[in-house]
Amino acid sequence: MKNLKITYIFIALFIMASCSDDFVDVESNAENSENFFNSEEDYQNALIAAYDLLQTTYLSVMLGDIASDNTLAGGENANDVPGIQEIDDMIHTPINQQLRDIWQWMYAGVNRANYIMEFQDKTDFAGKEGVLAQTRFLRAYYYFELVKFFGDVPFAVDKRLQFGDQFSINRTPKEEIYLQMEQDLMFAADNLPYVQSQTGRITKGAAQAMLGKVYLYQDKFTEAAAVLEDLIDNGPHDLITDYSTMFENDNENNIESVFEVQYTDVEGAGFGCFQCSEGNIAVGFNGIRNYNGPLFESGFSFNVPTQDVVDEFEEGDMRLETAILDIDAWAAETGATFSTGFEHTGYFNRKYISRQGDLNTGDANLTNPNNYRAIRFADVLLMAAEALNRGGISDSRAQMYLNRVRERAFGNSDNNVSATGSALTDAIYHERRVELVGEGHRFFDLVRTGRAASEINGFQSGKHELFPIPLIEIQLAGNQWEQNPGY
């Protein structure tokens, strides 16, 4: 879907300069992006392309824990993927391949969504509002990732960022980008059903949950509580009864999954193009090094949980064994063997390590079919509890939502929380950590609530709240963009 107009011009000039007498204009068989969007099928195909970049968010998920106090980088040695190691140690710089990957991949997603919106009025068809609603959700999702990592970023709405635009477009204040996210997500919530006919499509509930999250990141507690409670009261979602099955491959897209990134193992992938993989790359990276035993498969031993997060679980919390694999205990129980990698803690992120039973399409470590549960109903309940409590709206309702999550975790109500005020806030923060460990939320939770400096070794206030804009991107824009503070 590339715009070939410039290509056509240069070909014509070359031919005219070479042939003094005859000129033959041969039309390209390639499709011109300006002549696309002539049917519903064209819009649907472009929408699928916009969905595709969701699969690259595996890297954001990994770094969301590695940058925090939940996990260490791990890997084979201290030089294994240096960009990840540097982020773990809080010594990352503007020259970091993983940060540039996030920048490029999320902007690719934005551009694909904006391509659809640029031609939103070209062709009418029944159900078009639903297509545009999904498109606008995706645009908001990709911009949210960019703002979450980099703060103020270059911003375009309903038009593609094309080559040359980088010289005229500045970084836009994140507050303005958040407002566009809100508008996009409200439109999506108003124009999508709670249940889609095709699994994996964005729903009204996903839009409401994402909108609540966007509000929460801005401390708009009243707005967040309203939209999240509307979803809780009127949506189709609930907690599944058995938490231990939540992350198994045969329990994907269940009633608790509000928004889930779909992965598959039917296509191969290679290390030369991570964004080309249809599989969940994080799962292979998180896996047990040189593993031989039941249930699991080998991986690269990145993203290893710390003793600190293991100790955060209270006695009787049944989530611990689902979230964290104690490899020594597992080996003693099953006879499994394994090797230890760099920064070995004895623990692995059990939620997202590869299971046996997939197709093992090559490279098997890059093609795992494990879906990522991007927004779970438990997260919705805890976000609502936080908004109600921190917004001074209702501690009693905040307790109710918090305790729904805790009652499943302990199998009873004996551990319910009755605290109010700041003590309730701390209880909600604790619950988010143990409920969502390994799902990529911890670093950004600590940053948005002002707790990162006290919890993360090496974190410098005024600097590490944001990651640096990749240096090469600043240079390609003619050095007109200011770098984030401290870098």
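Me: Before we start, what pLDDT do local features need here?
Reply: Residues are numbered from 1 along each chain as its sequence is written, and side-chain values use heavy atoms, leaving out hydrogens and water. In this predicted model, side-chain atom pairs count only at pLDDT 80 or more, totals for chains, interfaces and linings use all residues, and local features need pLDDT of at least 70.

Me: Happy with that. Which residue does Cys273 join in a disulfide?
Reply: A disulfide is a pair of cysteine sulfur atoms within 2.5 Å, and the structure holds one. The link is right-handed, with 60 degrees about the S-S bond. With an S to S distance of 1.8 Å, the partner of Cys273 is Cys276.

Me: Is Cys276 buried, partly exposed or exposed?
Reply: Buried means under 20% relative accessible area, exposed over 50%, and partly exposed in between (1.4 Å probe, protein chains only). Cys276 has a relative accessible area of 44%, so this residue is partly exposed.

Me: Let's turn to α6. How many of its 23 residues are buried?
Reply: Helices (H or I, at least four residues) and strands (E, at least two) are DSSP runs, numbered from the N terminus. Helix α6 covers residues 128-150 and reaches 33 Å from its first C-alpha to its last, close to the expected 33 Å (1.5 Å times one less than its number of residues). The helix is largely enclosed by the rest of the structure, and the number buried is 22.

Me: Which residue just after α6 takes a positive phi?
Reply: Helix α6 ends at residue 150. With a phi of about 80 degrees, the residue is Gly151.

Me: Are α2 and α6 roughly parallel or roughly antiparallel?
Reply: Helix α2 (residues 40-52) packs on α6 at about 20 degrees, with axes 10 Å apart; axes are lines fitted to C-alpha atoms, for helices over the stretch in contact, and angles run from 0 to 180 degrees between N-to-C directions. Residues meeting there include Tyr43 and Leu47 in α2 and Val131 and Leu138 in α6. Angles under 35 degrees count as roughly parallel, over 145 as roughly antiparallel, 65 to 115 as roughly perpendicular and the rest as oblique. The pair is therefore roughly parallel.

Me: And which hand is the crossing of α14 and α16?
Reply: Helix α14 (residues 377-390) and helix α16 (residues 421-436) pack at about 165 degrees, with their axes 10 Å apart, and are therefore roughly antiparallel. Among the residues making the contact are Leu382 and Ala385 of α14 and Leu424 and Ile428 of α16. A crossing is left-handed if the near helix is turned anticlockwise from the far one by less than a right angle, and right-handed if clockwise. Here the crossing is left-handed.

Me: What is the relative accessible area of Leu402?
Reply: Leu402 lies in helix α15 (residues 395-410). Its contacts, not counting residues up to four places away in sequence, are Leu382, Ala385, Val417, Leu424, Ala427, Ile428 and Glu431. Leu402 is buried, and the value is 0%.

Notes
Contact = heavy atoms within 4.5 Å.
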